[in-house]
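Reader: I have a structure to read and would like to go through it by question and answer. Where should we start?

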Amino acid sequence: MADWSEIEALKRIPLTKLFADDPERLGKYSADVAGIHFDWSKTHLTDEAIKAFEKLAKASDLAGKREALFSGQVINVTEDRAVTHTAERGEGDKDDVAKAQALHARMRALIDAIEAEALGPIRNILHVGIGGSALGPDLLIDALGRESNRYEVAIVSNVDGLALEEAFKRFDPSATLLAIASKTFTTTETMLNAESVIEWMQAGGVEDPYGRVVALTADPDKAIEWGVDETRVLPFADTVGGRYSLWSSIGFPAAMALGWDAFSELLEGAAEMDRHFRLSALHENVPALAAFADLLYTQAFGCETRGVFCYDERLRLLPSYLQQLEMESNGKGTTIDGKKVGRPTAPITWGGVGTDQQHAVFQLLHQGTHLVPLEFIGVIEQADTLSEDHHKTLLNSMFAQGAALMKGRENPDDLARAYPGDRPSTTLLLDELDPRTLGALIAYHEHRVFVSGVLLGINSFDQFGVELGKEMAKAAAKGGGDFDVSTQDLIKRAFG
Ligand code: F6P
(Lines give C-alpha, C1' and ligand atoms only; values in the text may rest on other atoms or scores of the structure.)
Protein backbone atom coordinates (compact mmCIF):
# COMPACT_ATOMS: atom_id res chain seq x y z
CA MET A 1 0.00 0.00 0.00
CA ALA A 2 1.53 3.31 -1.09
CA ASP A 3 2.07 5.83 1.68
CA TRP A 4 0.96 9.34 0.70
CA SER A 5 1.62 10.95 4.06
CA GLU A 6 4.88 12.58 2.99
CA ILE A 7 3.20 14.08 -0.06
CA GLU A 8 0.14 15.22 1.85
CA ALA A 9 2.43 16.96 4.33
CA LEU A 10 4.24 18.99 1.66
CA LYS A 11 3.99 22.73 2.24
CA ARG A 12 3.12 25.15 -0.53
CA ILE A 13 6.15 27.40 -0.75
CA PRO A 14 5.42 30.56 -2.79
CA LEU A 15 6.69 30.28 -6.36
CA THR A 16 8.56 33.58 -6.18
CA LYS A 17 10.37 32.33 -3.08
CA LEU A 18 11.27 29.07 -4.82
CA PHE A 19 12.91 31.11 -7.59
CA ALA A 20 14.61 33.49 -5.15
CA ASP A 21 15.99 30.62 -3.06
CA ASP A 22 17.37 28.61 -5.94
CA PRO A 23 19.11 30.36 -8.84
CA GLU A 24 19.33 26.97 -10.58
CA ARG A 25 15.56 26.44 -10.45
CA LEU A 26 14.83 27.09 -14.12
CA GLY A 27 17.53 24.68 -15.30
CA LYS A 28 16.50 22.05 -12.78
CA TYR A 29 12.82 22.22 -13.62
CA SER A 30 12.92 22.33 -17.39
CA ALA A 31 13.88 19.86 -20.10
CA ASP A 32 13.99 19.42 -23.87
CA VAL A 33 12.72 16.19 -25.40
CA ALA A 34 11.61 15.36 -28.94
CA GLY A 35 11.44 18.97 -30.14
CA ILE A 36 9.46 20.15 -27.11
CA HIS A 37 10.68 22.40 -24.30
CA PHE A 38 9.03 21.61 -20.94
CA ASP A 39 9.13 24.19 -18.16
CA TRP A 40 7.78 23.24 -14.73
CA SER A 41 9.68 25.93 -12.89
CA LYS A 42 6.46 27.88 -12.25
CA THR A 43 4.90 24.91 -10.44
CA HIS A 44 5.34 24.16 -6.76
CA LEU A 45 7.50 21.11 -7.46
CA THR A 46 10.55 21.08 -5.20
CA ASP A 47 13.45 18.68 -4.72
CA GLU A 48 11.71 17.47 -1.58
CA ALA A 49 8.46 16.82 -3.48
CA ILE A 50 10.26 14.96 -6.25
CA LYS A 51 12.08 12.78 -3.71
CA ALA A 52 8.75 11.97 -2.03
CA PHE A 53 7.23 11.06 -5.40
CA GLU A 54 10.24 8.93 -6.29
CA LYS A 55 9.71 7.03 -3.05
CA LEU A 56 6.04 6.57 -3.85
CA ALA A 57 6.93 5.48 -7.38
CA LYS A 58 9.23 2.85 -5.92
CA ALA A 59 6.57 1.64 -3.49
CA SER A 60 4.07 1.50 -6.40
CA ASP A 61 6.60 -0.36 -8.58
CA LEU A 62 6.32 2.24 -11.32
CA ALA A 63 9.45 0.90 -13.04
CA GLY A 64 8.03 -2.64 -13.07
CA LYS A 65 4.64 -1.47 -14.30
CA ARG A 66 6.22 0.68 -17.00
CA GLU A 67 8.10 -2.41 -18.19
CA ALA A 68 4.90 -4.45 -18.00
CA LEU A 69 3.23 -1.86 -20.26
CA PHE A 70 6.01 -1.98 -22.85
CA SER A 71 6.44 -5.74 -22.72
CA GLY A 72 2.78 -6.50 -23.43
CA GLN A 73 1.83 -7.98 -20.06
CA VAL A 74 -1.79 -8.02 -18.94
CA ILE A 75 -2.01 -4.72 -17.04
CA ASN A 76 -5.65 -3.96 -17.86
CA VAL A 77 -6.70 -6.57 -15.33
CA THR A 78 -10.43 -5.85 -15.20
CA GLU A 79 -10.66 -6.58 -18.93
CA ASP A 80 -7.90 -9.21 -18.81
CA ARG A 81 -5.88 -7.52 -21.54
CA ALA A 82 -2.44 -6.19 -22.30
CA VAL A 83 -2.14 -2.54 -23.35
CA THR A 84 -0.32 -2.20 -26.64
CA HIS A 85 -0.74 1.29 -28.06
CA THR A 86 3.03 1.82 -27.90
CA ALA A 87 3.50 -1.22 -30.17
CA GLU A 88 1.57 0.73 -32.83
CA ARG A 89 4.53 3.11 -32.96
CA GLY A 90 7.10 0.30 -32.90
CA GLU A 91 7.88 0.28 -29.17
CA GLY A 92 6.88 -2.81 -27.25
CA ASP A 93 6.89 -6.57 -27.32
CA LYS A 94 8.28 -7.72 -30.66
CA ASP A 95 5.24 -9.86 -31.55
CA ASP A 96 2.89 -6.98 -30.76
CA VAL A 97 5.03 -4.65 -32.86
CA ALA A 98 5.09 -7.14 -35.77
CA LYS A 99 1.29 -7.48 -35.61
CA ALA A 100 0.79 -3.72 -35.54
CA GLN A 101 3.18 -3.23 -38.45
CA ALA A 102 1.38 -5.87 -40.53
CA LEU A 103 -1.93 -4.09 -39.90
CA HIS A 104 -0.35 -0.75 -40.80
CA ALA A 105 0.89 -2.31 -44.05
CA ARG A 106 -2.66 -3.42 -44.78
CA MET A 107 -3.95 0.08 -44.09
CA ARG A 108 -1.30 1.60 -46.32
CA ALA A 109 -2.12 -0.80 -49.17
CA LEU A 110 -5.80 0.13 -48.97
CA ILE A 111 -4.93 3.83 -48.95
CA ASP A 112 -2.78 3.32 -52.06
CA ALA A 113 -5.62 1.44 -53.74
CA ILE A 114 -8.09 4.22 -52.93
CA GLU A 115 -5.62 6.78 -54.26
CA ALA A 116 -5.36 4.73 -57.44
CA GLU A 117 -9.16 5.07 -57.64
CA ALA A 118 -9.87 1.36 -57.10
CA LEU A 119 -13.13 2.45 -55.44
CA GLY A 120 -13.88 5.15 -57.99
CA PRO A 121 -12.98 8.81 -57.74
CA ILE A 122 -12.99 9.57 -54.00
CA ARG A 123 -12.65 13.20 -52.93
CA ASN A 124 -14.50 13.18 -49.62
CA ILE A 125 -14.10 11.04 -46.54
CA LEU A 126 -16.99 10.87 -44.15
CA HIS A 127 -15.66 9.38 -40.93
CA VAL A 128 -18.25 8.33 -38.38
CA GLY A 129 -17.04 7.45 -34.89
CA ILE A 130 -17.28 8.82 -31.37
CA GLY A 131 -15.03 9.32 -28.33
CA GLY A 132 -11.63 7.79 -28.99
CA SER A 133 -12.79 6.81 -32.47
CA ALA A 134 -13.22 10.47 -33.43
CA LEU A 135 -11.26 12.81 -31.17
CA GLY A 136 -7.81 11.61 -32.27
CA PRO A 137 -8.29 11.75 -36.05
CA ASP A 138 -10.13 15.05 -35.68
CA LEU A 139 -7.23 16.55 -33.73
CA LEU A 140 -4.62 15.28 -36.20
CA ILE A 141 -6.40 16.58 -39.28
CA ASP A 142 -7.24 19.93 -37.70
CA ALA A 143 -3.68 20.37 -36.44
CA LEU A 144 -1.74 19.15 -39.44
CA GLY A 145 -4.06 19.14 -42.43
CA ARG A 146 -4.69 22.82 -43.00
CA GLU A 147 -2.42 23.01 -46.03
CA SER A 148 -3.34 19.61 -47.38
CA ASN A 149 -5.71 19.32 -50.31
CA ARG A 150 -5.59 15.56 -50.66
CA TYR A 151 -9.12 14.80 -49.42
CA GLU A 152 -11.86 16.70 -47.70
CA VAL A 153 -12.69 14.98 -44.44
CA ALA A 154 -15.69 15.32 -42.14
CA ILE A 155 -15.53 13.61 -38.77
CA VAL A 156 -19.03 13.12 -37.44
CA SER A 157 -19.54 11.89 -33.91
CA ASN A 158 -22.85 13.37 -32.78
CA VAL A 159 -25.95 11.25 -33.34
CA ASP A 160 -27.90 14.50 -33.74
CA GLY A 161 -28.84 14.30 -37.41
CA LEU A 162 -27.85 17.94 -37.87
CA ALA A 163 -24.21 16.91 -37.62
CA LEU A 164 -24.48 14.46 -40.51
CA GLU A 165 -26.62 16.84 -42.53
CA GLU A 166 -23.85 19.40 -42.37
CA ALA A 167 -21.48 16.91 -43.96
CA PHE A 168 -24.11 15.91 -46.54
CA LYS A 169 -24.36 19.56 -47.62
CA ARG A 170 -20.62 19.70 -48.24
CA PHE A 171 -20.12 16.32 -49.90
CA ASP A 172 -21.06 14.64 -53.15
CA PRO A 173 -22.35 11.10 -52.39
CA SER A 174 -20.74 9.66 -55.51
CA ALA A 175 -17.29 10.93 -54.45
CA THR A 176 -17.58 9.99 -50.78
CA LEU A 177 -15.92 7.19 -48.86
CA LEU A 178 -17.59 6.19 -45.60
CA ALA A 179 -15.13 5.25 -42.83
CA ILE A 180 -16.87 3.59 -39.89
CA ALA A 181 -14.62 3.84 -36.85
CA SER A 182 -15.63 1.79 -33.86
CA LYS A 183 -13.46 -0.45 -31.75
CA THR A 184 -16.47 -2.53 -30.73
CA PHE A 185 -18.57 -1.96 -33.86
CA THR A 186 -21.62 -1.77 -31.61
CA THR A 187 -21.71 1.88 -30.51
CA THR A 188 -25.26 3.14 -31.01
CA GLU A 189 -24.41 6.62 -32.28
CA THR A 190 -21.83 5.41 -34.77
CA MET A 191 -23.88 2.55 -36.17
CA LEU A 192 -26.93 4.76 -36.63
CA ASN A 193 -24.84 7.44 -38.34
CA ALA A 194 -23.27 4.81 -40.61
CA GLU A 195 -26.71 3.52 -41.67
CA SER A 196 -27.85 7.05 -42.47
CA VAL A 197 -24.77 7.67 -44.62
CA ILE A 198 -25.57 4.51 -46.61
CA GLU A 199 -29.15 5.77 -47.11
CA TRP A 200 -27.83 9.17 -48.23
CA MET A 201 -25.52 7.48 -50.73
CA GLN A 202 -28.36 5.33 -52.05
CA ALA A 203 -30.61 8.36 -52.37
CA GLY A 204 -27.76 10.11 -54.19
CA GLY A 205 -27.65 7.38 -56.85
CA VAL A 206 -24.62 5.40 -55.63
CA GLU A 207 -25.32 1.89 -56.85
CA ASP A 208 -23.17 -0.05 -54.42
CA PRO A 209 -22.76 2.13 -51.31
CA TYR A 210 -21.34 -0.78 -49.30
CA GLY A 211 -18.54 -0.88 -51.85
CA ARG A 212 -17.50 2.58 -50.58
CA VAL A 213 -17.21 1.64 -46.93
CA VAL A 214 -14.08 1.10 -44.90
CA ALA A 215 -14.32 -0.28 -41.35
CA LEU A 216 -11.78 0.61 -38.66
CA THR A 217 -12.35 -1.78 -35.81
CA ALA A 218 -11.02 -4.33 -33.35
CA ASP A 219 -13.97 -6.60 -34.16
CA PRO A 220 -13.65 -7.38 -37.89
CA ASP A 221 -16.33 -10.10 -37.80
CA LYS A 222 -18.96 -7.59 -36.69
CA ALA A 223 -17.95 -5.23 -39.52
CA ILE A 224 -18.23 -8.02 -42.09
CA GLU A 225 -21.60 -9.04 -40.66
CA TRP A 226 -22.72 -5.40 -41.00
CA GLY A 227 -21.91 -5.51 -44.71
CA VAL A 228 -18.33 -4.27 -45.10
CA ASP A 229 -16.25 -6.32 -47.50
CA GLU A 230 -13.44 -8.15 -45.71
CA THR A 231 -10.85 -6.47 -47.95
CA ARG A 232 -11.92 -3.07 -46.64
CA VAL A 233 -11.91 -3.95 -42.97
CA LEU A 234 -8.87 -2.45 -41.27
CA PRO A 235 -8.54 -4.20 -37.93
CA PHE A 236 -6.55 -3.18 -34.89
CA ALA A 237 -5.69 -5.13 -31.76
CA ASP A 238 -8.27 -5.15 -28.97
CA THR A 239 -5.38 -4.40 -26.62
CA VAL A 240 -5.33 -0.85 -28.04
CA GLY A 241 -7.75 1.22 -25.95
CA GLY A 242 -10.23 3.50 -27.71
CA ARG A 243 -8.67 6.69 -26.32
CA TYR A 244 -5.21 5.40 -27.29
CA SER A 245 -6.21 4.30 -30.79
CA LEU A 246 -5.30 7.17 -33.12
CA TRP A 247 -2.03 5.35 -33.89
CA SER A 248 -3.90 2.33 -35.25
CA SER A 249 -6.33 2.06 -38.17
CA ILE A 250 -8.52 4.60 -36.33
CA GLY A 251 -5.97 7.07 -37.74
CA PHE A 252 -7.05 6.09 -41.28
CA PRO A 253 -8.72 9.42 -42.23
CA ALA A 254 -5.65 11.28 -40.95
CA ALA A 255 -3.33 9.04 -42.98
CA MET A 256 -5.58 9.64 -46.01
CA ALA A 257 -5.71 13.40 -45.52
CA LEU A 258 -2.09 13.98 -44.51
CA GLY A 259 -0.40 11.23 -46.51
CA TRP A 260 1.40 8.13 -45.29
CA ASP A 261 4.73 9.86 -44.71
CA ALA A 262 3.15 12.27 -42.25
CA PHE A 263 1.36 9.43 -40.47
CA SER A 264 4.56 7.46 -40.06
CA GLU A 265 6.38 10.55 -38.77
CA LEU A 266 3.63 10.97 -36.22
CA LEU A 267 4.32 7.41 -35.04
CA GLU A 268 8.06 8.12 -34.98
CA GLY A 269 7.60 11.22 -32.81
CA ALA A 270 5.49 9.22 -30.36
CA ALA A 271 8.10 6.45 -30.37
CA GLU A 272 10.79 8.97 -29.43
CA MET A 273 8.73 9.97 -26.40
CA ASP A 274 8.13 6.27 -25.62
CA ARG A 275 11.87 5.63 -25.54
CA HIS A 276 12.45 8.67 -23.36
CA PHE A 277 9.73 7.54 -20.96
CA ARG A 278 10.91 3.94 -20.86
CA LEU A 279 14.62 4.63 -20.43
CA SER A 280 14.99 7.87 -18.45
CA ALA A 281 15.44 8.09 -14.70
CA LEU A 282 12.39 9.56 -13.00
CA HIS A 283 14.02 12.86 -12.02
CA GLU A 284 14.59 13.66 -15.72
CA ASN A 285 11.61 11.82 -17.16
CA VAL A 286 9.19 14.38 -18.57
CA PRO A 287 5.92 12.40 -18.37
CA ALA A 288 6.82 11.31 -14.83
CA LEU A 289 7.65 14.86 -13.70
CA ALA A 290 4.40 16.14 -15.21
CA ALA A 291 2.48 13.45 -13.34
CA PHE A 292 4.28 14.37 -10.10
CA ALA A 293 3.18 17.98 -10.56
CA ASP A 294 -0.40 16.87 -11.30
CA LEU A 295 -0.46 14.70 -8.18
CA LEU A 296 1.09 17.41 -6.04
CA TYR A 297 -1.87 19.63 -6.84
CA THR A 298 -4.61 16.99 -6.52
CA GLN A 299 -3.24 15.17 -3.48
CA ALA A 300 -1.41 17.84 -1.45
CA PHE A 301 -3.02 21.14 -2.42
CA GLY A 302 -6.66 20.11 -2.96
CA CYS A 303 -6.98 21.10 -6.63
CA GLU A 304 -9.90 19.46 -8.36
CA THR A 305 -9.32 20.70 -11.88
CA ARG A 306 -6.53 21.31 -14.34
CA GLY A 307 -6.64 23.73 -17.27
CA VAL A 308 -4.95 23.28 -20.65
CA PHE A 309 -4.69 26.36 -22.85
CA CYS A 310 -3.26 26.17 -26.34
CA TYR A 311 -1.74 29.29 -27.85
CA ASP A 312 -1.87 27.92 -31.34
CA GLU A 313 -5.02 27.69 -33.43
CA ARG A 314 -3.94 24.29 -34.77
CA LEU A 315 -4.09 22.82 -31.28
CA ARG A 316 -7.60 24.06 -30.51
CA LEU A 317 -8.93 20.48 -30.31
CA LEU A 318 -6.20 19.26 -27.97
CA PRO A 319 -8.05 20.12 -24.72
CA SER A 320 -11.04 17.97 -25.76
CA TYR A 321 -8.70 15.15 -26.70
CA LEU A 322 -6.91 15.39 -23.35
CA GLN A 323 -10.20 15.47 -21.47
CA GLN A 324 -11.05 11.98 -22.64
CA LEU A 325 -7.50 10.75 -22.16
CA GLU A 326 -7.29 11.98 -18.56
CA MET A 327 -10.86 11.64 -17.36
CA GLU A 328 -11.77 8.30 -18.94
CA SER A 329 -8.41 6.82 -17.93
CA ASN A 330 -8.06 8.06 -14.38
CA GLY A 331 -11.57 9.15 -13.40
CA LYS A 332 -11.89 6.05 -11.23
CA GLY A 333 -13.05 5.34 -7.70
CA THR A 334 -11.70 1.82 -7.34
CA THR A 335 -8.15 0.56 -7.01
CA ILE A 336 -6.74 -2.05 -9.31
CA ASP A 337 -7.38 -4.66 -6.63
CA GLY A 338 -11.02 -3.74 -6.27
CA LYS A 339 -11.03 -1.48 -3.19
CA LYS A 340 -12.22 2.10 -2.75
CA VAL A 341 -9.45 4.50 -3.77
CA GLY A 342 -10.00 6.78 -0.78
CA ARG A 343 -8.36 9.82 -2.37
CA PRO A 344 -9.03 12.14 -5.31
CA THR A 345 -8.15 10.64 -8.68
CA ALA A 346 -8.09 12.45 -12.06
CA PRO A 347 -8.37 16.22 -12.01
CA ILE A 348 -11.31 17.50 -14.06
CA THR A 349 -9.51 18.50 -17.22
CA TRP A 350 -10.73 21.50 -19.15
CA GLY A 351 -9.35 24.31 -21.25
CA GLY A 352 -9.45 25.87 -24.67
CA VAL A 353 -7.82 28.36 -26.98
CA GLY A 354 -5.52 30.52 -24.86
CA THR A 355 -6.15 34.01 -26.11
CA ASP A 356 -9.92 33.53 -26.39
CA GLN A 357 -10.17 32.10 -22.91
CA GLN A 358 -8.11 34.95 -21.45
CA HIS A 359 -11.03 37.20 -22.32
CA ALA A 360 -13.60 34.78 -20.94
CA VAL A 361 -12.52 32.64 -17.99
CA PHE A 362 -9.11 33.87 -16.85
CA GLN A 363 -10.74 36.22 -14.36
CA LEU A 364 -11.39 33.18 -12.15
CA LEU A 365 -7.88 31.88 -12.70
CA HIS A 366 -6.30 35.16 -11.55
CA GLN A 367 -8.61 36.16 -8.71
CA GLY A 368 -11.10 33.37 -8.05
CA THR A 369 -11.04 31.17 -4.99
CA HIS A 370 -10.00 28.01 -6.84
CA LEU A 371 -6.38 27.10 -7.32
CA VAL A 372 -6.14 25.70 -10.86
CA PRO A 373 -2.80 24.43 -12.16
CA LEU A 374 -2.51 25.35 -15.82
CA GLU A 375 -0.68 24.03 -18.80
CA PHE A 376 0.19 26.46 -21.58
CA ILE A 377 1.17 25.09 -24.97
CA GLY A 378 2.68 27.23 -27.74
CA VAL A 379 4.73 26.80 -30.90
CA ILE A 380 7.84 28.87 -31.63
CA GLU A 381 7.66 28.76 -35.42
CA GLN A 382 5.05 31.05 -36.90
CA ALA A 383 2.67 29.13 -39.17
CA ASP A 384 0.53 31.95 -40.55
CA THR A 385 1.71 34.22 -43.33
CA LEU A 386 0.46 37.47 -41.82
CA SER A 387 2.73 40.01 -40.17
CA GLU A 388 4.83 38.68 -37.31
CA ASP A 389 2.78 40.87 -35.00
CA HIS A 390 0.18 38.09 -34.85
CA HIS A 391 2.56 35.43 -33.69
CA LYS A 392 4.38 37.73 -31.29
CA THR A 393 1.13 38.90 -29.75
CA LEU A 394 -0.01 35.30 -29.42
CA LEU A 395 3.10 34.02 -27.67
CA ASN A 396 3.62 37.12 -25.57
CA SER A 397 0.08 36.68 -24.27
CA MET A 398 0.94 33.18 -23.14
CA PHE A 399 4.19 34.21 -21.49
CA ALA A 400 2.54 37.16 -19.77
CA GLN A 401 -0.26 35.00 -18.35
CA GLY A 402 2.17 32.58 -16.75
CA ALA A 403 4.19 35.43 -15.29
CA ALA A 404 1.16 37.38 -14.02
CA LEU A 405 -0.43 34.33 -12.43
CA MET A 406 2.78 33.62 -10.56
CA LYS A 407 3.72 37.15 -9.58
CA GLY A 408 0.35 38.65 -8.75
CA ARG A 409 0.10 42.22 -7.49
CA GLU A 410 -0.62 43.47 -4.00
CA ASN A 411 -3.19 46.21 -3.54
CA PRO A 412 -4.19 46.36 0.13
CA ASP A 413 -6.30 49.50 -0.40
CA ASP A 414 -8.35 48.03 -3.18
CA LEU A 415 -8.79 44.26 -2.98
CA ALA A 416 -10.92 44.18 -6.12
CA ARG A 417 -7.81 45.23 -7.98
CA ALA A 418 -5.39 42.94 -6.14
CA TYR A 419 -3.98 39.74 -7.63
CA PRO A 420 -2.98 37.07 -5.13
CA GLY A 421 -0.41 35.45 -7.44
CA ASP A 422 1.38 32.18 -6.65
CA ARG A 423 -0.81 30.46 -9.24
CA PRO A 424 1.06 27.67 -10.98
CA SER A 425 1.56 26.92 -14.65
CA THR A 426 3.61 24.60 -16.79
CA THR A 427 4.66 25.78 -20.23
CA LEU A 428 5.32 23.56 -23.22
CA LEU A 429 7.00 25.21 -26.20
CA LEU A 430 7.20 23.23 -29.41
CA ASP A 431 9.94 24.21 -31.88
CA GLU A 432 7.39 23.72 -34.62
CA LEU A 433 4.15 21.85 -35.02
CA ASP A 434 4.73 18.92 -37.34
CA PRO A 435 3.70 15.25 -37.24
CA ARG A 436 6.73 14.33 -35.13
CA THR A 437 6.27 16.92 -32.41
CA LEU A 438 2.53 16.30 -32.29
CA GLY A 439 3.13 12.55 -31.93
CA ALA A 440 5.58 13.21 -29.11
CA LEU A 441 3.19 15.66 -27.43
CA ILE A 442 0.31 13.19 -27.40
CA ALA A 443 2.51 10.31 -26.22
CA TYR A 444 3.83 12.55 -23.42
CA HIS A 445 0.27 13.04 -22.18
CA GLU A 446 -0.50 9.32 -22.45
CA HIS A 447 2.48 8.40 -20.30
CA ARG A 448 1.78 11.17 -17.82
CA VAL A 449 -1.71 9.73 -17.30
CA PHE A 450 -0.18 6.26 -16.96
CA VAL A 451 2.22 7.40 -14.21
CA SER A 452 -0.62 9.04 -12.26
CA GLY A 453 -2.70 5.87 -12.62
CA VAL A 454 0.12 3.69 -11.30
CA LEU A 455 0.80 5.95 -8.31
CA LEU A 456 -2.91 6.12 -7.51
CA GLY A 457 -3.10 2.34 -7.77
CA ILE A 458 -5.93 2.39 -10.32
CA ASN A 459 -6.48 0.76 -13.70
CA SER A 460 -6.18 3.54 -16.30
CA PHE A 461 -7.32 1.30 -19.15
CA ASP A 462 -10.92 0.32 -18.48
CA GLN A 463 -14.00 2.57 -18.62
CA PHE A 464 -16.93 0.81 -16.98
CA GLY A 465 -18.28 4.17 -15.81
CA VAL A 466 -19.82 4.79 -19.23
CA GLU A 467 -21.79 1.54 -19.36
CA LEU A 468 -24.76 2.20 -17.07
CA GLY A 469 -25.93 5.24 -19.03
CA LYS A 470 -25.61 3.33 -22.32
CA GLU A 471 -27.66 0.45 -20.92
CA MET A 472 -30.42 2.78 -19.72
CA ALA A 473 -30.50 4.64 -23.05
CA LYS A 474 -31.00 1.30 -24.82
CA ALA A 475 -33.84 0.45 -22.43
CA ALA A 476 -35.44 3.86 -23.05
CA ALA A 477 -35.17 3.35 -26.81
CA LYS A 478 -37.14 0.14 -26.42
CA GLY A 479 -39.81 1.96 -24.42
CA GLY A 480 -38.80 0.20 -21.19
CA GLY A 481 -36.36 0.86 -18.38
CA ASP A 482 -36.73 1.37 -14.68
CA PHE A 483 -36.89 5.17 -14.61
CA ASP A 484 -37.64 7.60 -11.79
CA VAL A 485 -40.69 9.88 -12.06
CA SER A 486 -38.70 12.87 -13.25
CA THR A 487 -37.12 10.92 -16.11
CA GLN A 488 -40.42 9.28 -17.02
CA ASP A 489 -41.96 12.74 -17.25
CA LEU A 490 -39.15 13.99 -19.51
CA ILE A 491 -39.52 10.97 -21.81
CA LYS A 492 -43.29 11.53 -21.97
CA ARG A 493 -42.86 15.21 -22.78
CA ALA A 494 -40.47 14.41 -25.61
CA PHE A 495 -42.17 11.40 -27.18
CA GLY A 496 -45.73 11.49 -25.85
O1 F6P B 1 -18.47 5.00 -24.24
C2 F6P B 1 -17.10 5.25 -24.13
C3 F6P B 1 -16.36 4.60 -25.26
O4 F6P B 1 -16.37 3.22 -25.12
C5 F6P B 1 -14.93 5.13 -25.36
O6 F6P B 1 -14.07 4.48 -24.52
C7 F6P B 1 -14.65 4.92 -26.80
O8 F6P B 1 -13.56 5.70 -27.23
C9 F6P B 1 -15.96 5.33 -27.42
O10 F6P B 1 -16.94 4.94 -26.51
C11 F6P B 1 -16.27 4.73 -28.76
O12 F6P B 1 -16.29 3.33 -28.71
P13 F6P B 1 -16.16 2.48 -30.02
O14 F6P B 1 -14.86 2.80 -30.66
O15 F6P B 1 -16.22 1.05 -29.59
O16 F6P B 1 -17.30 2.84 -30.92
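Author: What follows is a set of questions and answers on this predicted model.

Reader: Are the residues of strand 3 buried or exposed?

Author: A residue counts as buried when its relative accessible area is under 20%. On one side of strand 3 are Asn-124, Leu-126 and Val-128, and on the other are Ile-125 and His-127. Both faces are covered, and five of the five residues of strand 3 (residues 124–128) are buried.

Reader: Which residue of strand 5 stands opposite Val-128?

Author: Strand 3 and strand 5 (residues 176–181) run parallel and are joined by five bridges. Strand 3 also pairs with strand 4 (residues 152–156), again in the parallel sense and over five bridges. In strand 4 the bridge partner of Val-128 is Val-156. In strand 5, the residue opposite Val-128 is Ile-180.

Reader: What is the handedness of the crossover from strand 3 to strand 4?

Author: Strands 3 and 4 pair in the parallel sense. Between them the chain passes through helix 8 (residues 135–144), making a β-α-β crossover. This crossover is right-handed.

Reader: Which strands are the edge strands of the open sheet of six strands?

Author: The order of this sheet is 1-2-11-10-8-9, with mixed pairing. An edge strand here pairs on one side only. Strand 1 (30–33) pairs with strand 2 (residues 36–39) in the antiparallel sense over four bridges, with Val-33 opposite Ile-36. The edge strands are strand 1 and strand 9 (348–353).

Reader: At what angle does helix 19 run to strand 11?

Author: Helix 19 (residues 435–456) lies across strands 2, 8, 10 and 11. The angle of helix 19 to strand 11 is about 150°.

Reader: How far apart are the end C-alpha atoms of helix 14?

Author: Helix 14 (residues 286–300) has 15 residues, and at 1.5 Å a residue it should span 21 Å. The computed distance agrees with that expectation. The end C-alpha atoms are 20 Å apart.

Reader: How many charged residues are in the contact of helix 5 with helix 13?

Author: The axes of helix 5 (residues 62–70) and helix 13 (residues 260–279) come within 10 Å and cross at roughly 145°. Helix 5 contributes Arg-66, Glu-67 and Phe-70, and helix 13 contributes Asp-274, Phe-277 and Arg-278. Two of the contact residues are nonpolar and none is polar. The number of charged residues is four.

Technical notes
Residues are numbered from 1 along each chain as its sequence is written. This is a predicted model: local features need pLDDT of at least 70, side-chain atom pairs count only at pLDDT 80 or more; totals for chains, interfaces and linings use all residues. Side-chain values use heavy atoms; hydrogens and water are left out. Axes are lines fitted to C-alpha atoms, for helices over the stretch in contact, and angles run from 0 to 180 degrees between N-to-C directions. Helices (H or I, at least four residues) and strands (E, at least two) are DSSP runs, numbered from the N terminus. Contact means heavy atoms within 4.5 Å. Ala, Val, Leu, Ile, Met, Phe, Trp, Tyr, Cys and Pro count as nonpolar, Asp, Glu, Lys and Arg as charged, and the others, Gly among them, as polar. The expected span of a helix is 1.5 Å times one less than its number of residues. Buried means under 20% relative accessible area, exposed over 50%, partly exposed in between (1.4 Å probe, protein chains only). Two strands pair if DSSP finds at least two bridges between them. A crossover is right-handed if, with the strands pointing away from the viewer, the path from the first strand over the helix to the second runs clockwise.
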